[in-house]
Structure formats: C-alpha cells, structure tokens
Amino acid sequence: MRNLPPLSGLEAFEAAARHLSFTEAAKELNCTQAAISQRVRGLEAYLSRQLFVRRRNGLQLSEVGEAYLPGVAEALNLAAAATEGLRGKNVPRTVTVSAPVSFLNLWLAARLSDFLNDNPNVPVRLNSAIWTDPNAELADIVVEVHDVSELDPHTPHLPTESLELVCAPALAEQLSTGTLQNVMNSSRKILIQGRHSVWERWAAELGINLDGDVPAMKVDNSATALEAAAQNLGFVVTYSSYCEPYLKSGRLVSWSKATVKTTLCLALTGTPDKPLWHPAHKVLEWLKHEFQKEVRSG
C-alpha cells in the first residue's frame, strides 16, 4: 500500500503554497478559507511537520514545505494530465509568450536557454509585438511596458527603466567635446516610434530641443534602433534593459550624465488560461523568478 495523505490535503497545500494565501487557494478550489486551513493542518498532522510559517501579513513556506512542494505539484500535474488524456481532451502544450520584439531579442533570448535546458520537452512560441500584438489574447503569457503606478502591487515586473543616450564608440567623442544640445543639433537621432515616446520624455527631463540640422531616422522598435546605432548611424535613447547587452559587448556606449529615470517597467500581466499541469505555468514561474532576480540585483 502507498503511504499517502488525503488528496484534498495535498491539493490545499499545493494551492496555498503557490498563492501563499489560504484565501486565494480557497477561491481556486471553490471552498472556504477555513476548509483550506483545516486541510493543511490535517496534512501537517499526518506528516508531523510544519509546512507553513503563519505570519500576520501572510504565509511563508517552511523549509519542509519548500522541499515537499515540487514533488506534490509534479504528482498532481501528472494525475491531472493523465485524467485529461483519458477523457479524450487534447490540450495543446505549446506555451505562447507575447512580448515586445525588443524584449524578446535583447532580454529573453539571452536567458531562455536556461529554461529550455531544464525543460527540453516544453515547446515555446514567441510572438513579437511592435507597439501591440494583434494575437495577444491567444498568448499564455504577456509581457508589456507599463507605468509602475498602473500595476497591482503583486504584478511581477522588472526594475523601473532608465532612459539611456547611447551611440557607437566612434561618436562618443562628440559628447566630451561639445554641449549635449549642440551634439543633438548636429547629429542624427534614431527615433523609436511607439506607445511611449522615449525621446520626448528624455528631452523634456533634460531641457533638450530635439530639432536639429540632420534629418532623424525613424524605426518602430528598440532592437532595430540599437543595431542601427551600433553601425554608427546616430544616437538612440532607449530603455536600460534593452541597451544593456550592447553596452556589455562594447558595441555601444552611454553618457551617464544624460541618463533619465522613469516609472516605466516591463511587467508580466495575466495568468495562463490553462490547466495547472500545463507547461505554461512552468514558463510563468520561471519568468517570475528571473524578474525577481533582476529586481534583487538592481
């Protein structure tokens, strides 16, 4: 015989651990908060171990709870998937991520190999959004630029962005020999057209007039603008998250005196409309972890 606790206790523990809330777990499992609490306490009694540290401001997994959760979640997911298969339901397992094309190219692509190495059987589809993604409603996970003041406090997001003035090293000497306004007057600006007018925000903060003698080049995304700048075609103002790979490689340089802080950030919005065993939830949890790492390091 298998030495197993009641399934209801395992379900209550797994849901409460994901949400770190008995109330949210109760909503998901369509029962009362008291029922969740009772089931978890029953499981703790069965195991003779405490799974949560109960605090005034919420729950925290104990060391035992953290060790127990991955196995319980995997077992419940496998049972759910087997049940769906037996009932003849064929739920597509591809995980679709909708995000700005520049985020996909300049941030996600450099990190995605870690997830795929650990999860080689998870098919991932990346939908590029330029301004907006017409297929965003079909995505499992959506990343968008938002003002941090618009977000729910629990919405995972990267650190708020700074606007960086960047250019190829060959152009950088101009910034040390002339005033910023004079350089902007006589140089080509690579303007990124989109929902958030980064050049205008940057210029307004620094009191810079964007009119100049050289016609601007206009592009529709930061990835194209940064590559154009790396080819010595002009100056770009863009988000710090996007230009970081170019700065690290030395293909572009920034002028720290022209950095402008903003309240804009890249945020994970919504949750996958898929069963909990679906790999979309794995991708979401991995992205949340990566976002949290960036916040801690920032």
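## Burial and the basis of the model

A residue is called buried when its relative accessible area is under 20%, exposed when that area is over 50%, and partly exposed in between, with a 1.4 Å probe and protein chains only. Serine 62 is buried by this definition, because its relative accessible area is 11%.

The structure is a predicted model, in which local features need pLDDT of at least 70 and side-chain atom pairs count only at pLDDT 80 or more, while totals for chains, interfaces and linings use all residues. Residues are numbered from 1 along each chain as its sequence is written, and side-chain values use heavy atoms, with hydrogens and water left out.

Serine 62 occupies the loop between β2 (58-61) and α4. Helices (H or I, at least four residues) and strands (E, at least two) are DSSP runs, numbered from the N terminus. With contact defined as heavy atoms within 4.5 Å, and residues up to four places away in sequence not counted, serine 62 touches Gln50, Leu51, Phe52 and Val53. The C-alpha atoms of serine 62 and leucine 51 are 5.3 Å apart, although 11 residues separate the two along the chain.

## The largest pocket

On a 1 Å grid over the protein atoms alone, a cavity is a set of points where a 1.4 Å probe fits but cannot get out, whereas a pocket is an open set with protein on both sides within 12 Å along at least five of seven lines; lining residues have an atom within 4 Å of a point. Grid points are joined across faces, edges and corners, and a volume is the space filled by probe spheres set on the points. The largest pocket holds about 2000 Å³ of space. Its lining comprises 49 residues, of which Arg18, His281, Leu284, Glu285 and Lys288 are the closest to the centre.

Two or more lining residues come from each of α1 (7-19), α2 (22-29), α4 (63-86), α5 (101-118), β12 (264-269) and α11 (280-297). Helix α11 provides the largest share, 11 residues. By residue type, the lining divides into 21 nonpolar, 14 polar and 14 charged residues. Here Ala, Val, Leu, Ile, Met, Phe, Trp, Tyr, Cys and Pro count as nonpolar, Asp, Glu, Lys and Arg as charged, and the others, Gly among them, as polar.

## Nonpolar cores

A nonpolar core is a set of buried Ala, Val, Leu, Ile, Met, Phe, Trp, Tyr and Cys residues joined through side-chain atoms within 4.5 Å. The largest such core has 58 residues, and those touching the most other members are Phe103, Leu165, Met184, Trp202, Leu226, Phe235 and Leu287. Helix α5 gives the most to this core, with seven residues.

Leaving out residues up to four places away in sequence, phenylalanine 103 touches Leu108, Val143, Leu158, Tyr242, Leu266 and Phe291. A second, separate core has 19 residues, including Phe13, Val40, Leu69 and Leu76.

## Cysteines and helix α10

A disulfide is taken as a pair of cysteine sulfur atoms within 2.5 Å, and a search of the whole structure finds zero disulfides. For cysteine 243, the nearest cysteine sulfur is that of cysteine 167, at 11 Å. Cysteine 243 counts as buried because its relative accessibility is 1%. For cysteine 265, the nearest cysteine sulfur is that of cysteine 243, at 16 Å. Cysteine 265 likewise counts as buried, at 1% relative accessibility.

The buried residues of helix α10 (residues 240-249) are Ser241, Tyr242, Cys243 and Tyr246. After α10 comes glycine 250, which has a positive phi near 85 degrees.

## Loop residues

Most residues other than glycine have a negative phi. Asparagine 30 has a positive phi, near 55 degrees, and is found in the loop between α2 and α3 (33-47). Its relative accessibility is 74%, so asparagine 30 counts as exposed. Asparagine 232 also has a positive phi, near 70 degrees, and lies in the loop between α9 (222-230) and β9 (236-239). Asparagine 232 is partly exposed, because its relative accessible area is 38%.

Glycine 234 lies in the loop between α9 and β9. Glycine 234 is buried, with a relative accessible area of 2%. Apart from neighbours within four places in sequence, glycine 234 is in contact with Val166, Cys167, Leu171, Arg188, Ile190 and Ala229. Lysine 274, in the loop between β12 and α11, is partly exposed, with a relative accessible area of 25%.
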